[in-house]
Structures are given as structure tokens and as C-alpha cells.
Protein chains: 2
Amino acid sequence: MTEHQLQSPSLVQLAANAIRRMILAGELAEGERLIEERLTEQLGISRPPLREALRVLEQEGLIVTRPRRGSMVATLTDQDVFEILTLRSALERLAVELGVPVQVPERLKVAQDALLEMERCAAAEDRGSLVQAGYKFHSSLVALAGHRRLEEAYASVQQQLLLCMARNLYAREHFYEDLHEHVARHRKLLDLVEAGDPAAVLAELAVHGERSFNEIQNNVGSREASSS
Amino acid sequence: MTEHQLQSPSLVQLAANAIRRMILAGELAEGERLIEERLTEQLGISRPPLREALRVLEQEGLIVTRPRRGSMVATLTDQDVFEILTLRSALERLAVELGVPVQVPERLKVAQDALLEMERCAAAEDRGSLVQAGYKFHSSLVALAGHRRLEEAYASVQQQLLLCMARNLYAREHFYEDLHEHVARHRKLLDLVEAGDPAAVLAELAVHGERSFNEIQNNVGSREASSS
DNA sequence: CTATGAACTATTGTCTACAATAGATAGTCG
DNA sequence: CGACTATCTATTGTAGACAATAGTTCATAG
């Protein structure tokens, strides 16, 4: 049932991916203007496909466009971070309600693999990769529901969270106070999922989300303080 | 705090709105191919802005685009309808959790007005307008949360639901078995919101959603049966 | 010295034209 | 007579150029 829809990507998709990567990697600072002609030179394409790519990123919430004033990388306020975190939490809850107990074993396998990857990263104290692995783990949990729109919405929200973290290196360095405790929480989450008890997973997810919320808010706050 | 950001809409926005309206009004059938040149003639614009508009609609889930094969109006399967309804429900739940008890009285006013409009439509037995008014009512409930991303996500999902209903007139004619009972349920919902009891609203919303689910599924099913 | 206005430049919005490809149709071979 | 292949056409993908506007800078007047 996995659809291997291999189809040559258009320049629009390639451009959108490239710019998305640049933004999430922090190569483009928040609030930075995206000059179309400059991007066309960098990417080696012409403006029409680039502009279509910008529309895609705009819908994804990574950039903001005002008529006649061009596009800029989205600037996230505390309110934005609040919105992202609450929305993410709500989507995860739906995913658990629909996906636990697990119906399709293959999907569980993906989550298990992601967790193993997280544990490897924690052992190597590689915080950067741990963030990525954590992202994959959560995505795989959401994928348990077999709900395409949910997955897309989640990916979009998670992406904005990465943008939020890309804006200050501080978060990337200090994000997880205790790596192993962090991974242990994820292990517990997966165990509960495997046990097939949605209520227990939701409860764990609640404290899980609470922690993320505090950590991110603190990091964002510290950035504001440190920039003065 | 209401931002009157008056800014002249670009052709992209105008085109997106126009095509969106055409799709939701049923003027473009589900699965119908959207030939770019034909649309440019209808709308009196050239292809670049049109293509950007199509990207917007693609991200909104109203059309599907495959590389080198153009765009077509999205075709919704039963799985799609399931996804739309569950997602909508999850978003409404988040809205209630954040928005009840009501913090900003002005927002409640909007919901009250929408409900009055619903009651007027029910009294006039105008099912078409009732659907619209119901949409506004639910949107205003979601707006209680003061959560921009939530509102946008909800609008997108709700829009797809309208697409789902646009594909068969049957749903529009017979959607609400009992108009007044339907409106009464909404009245109760708003009363609970005003009372400021999130748990009670969530409980009512659950049965509310359950009903919508059955009604829509039945209508979709009947369409499939009646088309043979 | 400051504030207001106009001209200018950088950038976006839009259009026309060309290149490339997927689907269709007809022709030919088995 | 059916199936496969080649050509052809309709449509999408991309490029480059022109038009319009917002922000900036400089000049001038108060």
C-alpha cells in the first residue's frame, strides 16, 4: 500500500525544498527579506517557478508575503510559539486516539526504529541529530493513525517549530537538559503505545507536551534576554 | 486589535478566490481537469499568476496537481471524508479548551450573531443559507480561542467539507433532517460556552460531531448508491 | 538644521513566447 | 483482426522581458 509515486520533481518542488532547507538550517535569518532575483541566481532558475515555490512556503507558514513588498522569513512571536505548541499537541492527541492500539504493525516498526536512532544520538551526545531523530519519532507516532491530512498538518506545524529553533543556536545546544531522561520519556511513550492503551499514552503525552512547552518557552525567553 | 490591513489584492489572490468559489459552488465538478489556458481566458489573466493561484489551492487541499499532468478538482473518498471530520473535531476541541470560558466578549458576540442568523434561516426553511450560517457559527466558536493557526487550519478543513457537499446536491437538500432540532443543538452549545464550562461543551461537541459524521456519511453513501 | 517633496532605483507584478512532455490517434506489422 | 509503435497535438514547464510601485535618497525651502 506504500505508494512509490516516483515522478520527476518540478523546479517548483526543488526550489521549495531548497529554500525550506535554507530557512530551517538558519542560513536565512528570521525576518530576512527574500529577494526573488537573488534566489533565482542562487538556485539557477527563473522567477516564475521560484514565485510558485514561495507561494508554497507561504502556505506552509515559513514565509510571510505582503503585496508589492515581497516575502520575508516568518518572525515568530511568543504567541506564535504558543499556537504552534498547542496545535501540535492537539494533532498528536488525535493521532493517538485513532492510531492506538496499533492496527498496522509496519507503522509501529518505523516508530521503533526512530526511537533506536534517538537512543544512538543520546549515547553519542549528538544533540543536533537527536532533534532530528525526535522529529522522526513523533512523526512516526502521528503516522500510526494512517491519516494523511493529519500527517501533513503535523509536518507543517513541526516545521514551524524547527524554524523557531533555527532562529537561535542556543536552543539547539541546550535544548535537552538531560539527554537520557529525555529519551527515556520517549521510550515510555512507545511502550504505552505498544501496550495499546490510548488513555495512558494521552496522559504521558500531556506531561511530555508540558515539558516541551516549558523548555521551548525558556529557550526563547533566554534568547530575547541574551540578545540585549 | 482588529487589523484593518487594507492592501490591494494581487491577481493571484483574486484568481484563487474566483476558482475557489467555482469549486465550492459546484461549477467545477470533482475530478474535473483545470486547463490553465482555459482558466486564463475565463479570468482574463495570464498563466503565471494563475499557476500561483493553483499552488495556493493545492496547498488548501481543493485541487490535486501531478507534475506534467496538470491540476484537477480534488476527489474525496470516504477515507478523505473521515479524515476531514476527525480533524475538524480535533481542532474544535482545542478551540474549546483554549477559548472557554470566553476571555474576549466581542468574540462571543460574533458567535451569538451567527446563531441568530441560523435561527432565521431555520425559520425560513432555507437549508442552503443554514449551511453557510452554520459554518460561520462554528468558525466563530473556533475564533474564541484567539488562535490564528487554528482558525486557518479550521477554515481549510471546513472548506474541504464544503467541497464534499458541493459534489452532490442531495446533501444540500436533505442535509438536516430536522432543522429546528439542529439549531437547538447549536443553541445548547452556545449556552454551554457562555456558561464557561469547557468540559460540558466538549461533551456536547462530541455528540454533535457524531451526528454530523453519520449525516454526512449517509449522504455520501446515498450519492454513491443513487448514481448507479 | 529640519522637514517636505520629487526623482530615482531596486524590486515585485504581469505578460508573451518558447521548450518539453504526456496522452491520443493513426498506421503498420504480426 | 488485434496489438504495438511512431507521430502528432494539446497542455504544462520554464524563460526572459516589460510595466508598475514602494522605499530611498537627495535637494530645496522654511
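**Close-up 1. Helix 1 and helix 3 of chain A sit oblique to each other.** In this predicted model, helix 1 (residues 11-24) of chain A packs against helix 3 of chain A at an angle of about 55 degrees, with the axes 8 Å apart. The pair is therefore called oblique; angles under 35 degrees count as roughly parallel, over 145 as roughly antiparallel, 65 to 115 as roughly perpendicular, and the rest as oblique. Axes here are lines fitted to C-alpha atoms over the stretch in contact, and angles run from 0 to 180 degrees between N-to-C directions. Helices are DSSP runs (H or I, at least four residues), strands are E runs of at least two, and both are numbered from the N terminus. The crossing is right-handed, that is, the near helix is turned clockwise from the far one by less than a right angle. On the helix 1 side, look for Leu11(A), Val12(A), Ala15(A), Ala16(A), Ile19(A) and Arg20(A); helix 3 answers with Pro49(A), Leu50(A), Glu52(A), Ala53(A), Val56(A) and Leu57(A). Contact means C-beta atoms, placed from the backbone, within 7 Å. Sorted by class, these residues are ten nonpolar, no polar and two charged (nonpolar: Ala, Val, Leu, Ile, Met, Phe, Trp, Tyr, Cys and Pro; charged: Asp, Glu, Lys and Arg; polar: the others, Gly among them).

**Close-up 2. Chain A meets chain B.** Here 26 residues of chain A are in contact with 25 residues of chain B. On the chain A side, helix 3 (47-60), helix 4 (78-99) and helix 7 (148-166) each give two or more residues. Helix 4 gives the most, with nine residues. That side of chain A has twelve nonpolar, six polar and eight charged residues.

**Close-up 3. Both chains line DNA strand C.** Helix 2 (36-43) and helix 3 of chain A, plus helix 1 (11-24) and helix 3 (47-60) of chain B, each give two or more residues.

**Close-up 4. Leu76(A) is a buried loop residue.** Leu76(A) sits in the loop between strand 3 (70-73) and helix 4 of chain A. Leu76(A) counts as buried because it has 20 C-beta neighbours inside 10 Å (20 or more is buried, 12 or fewer exposed, in between partly exposed). Leaving out residues up to four places away in sequence, Leu76(A) touches Glu30(A), Val81(A), Leu163(A) and Cys164(A). Gly31(A) is 45 residues away in sequence, yet 9.1 Å away in space, C-alpha to C-alpha.

**Notes.** Residues are numbered from 1 along each chain as its sequence is written, with chains lettered from A and ligands numbered from 1 in the order in which they are written. As this is a predicted model, local features need pLDDT of at least 70 and side-chain atom pairs count only at pLDDT 80 or more, while totals for chains, interfaces and linings use all residues.

Technical notes:
Two residues are in contact if their C-beta atoms, placed from the backbone, lie within 7 Å.
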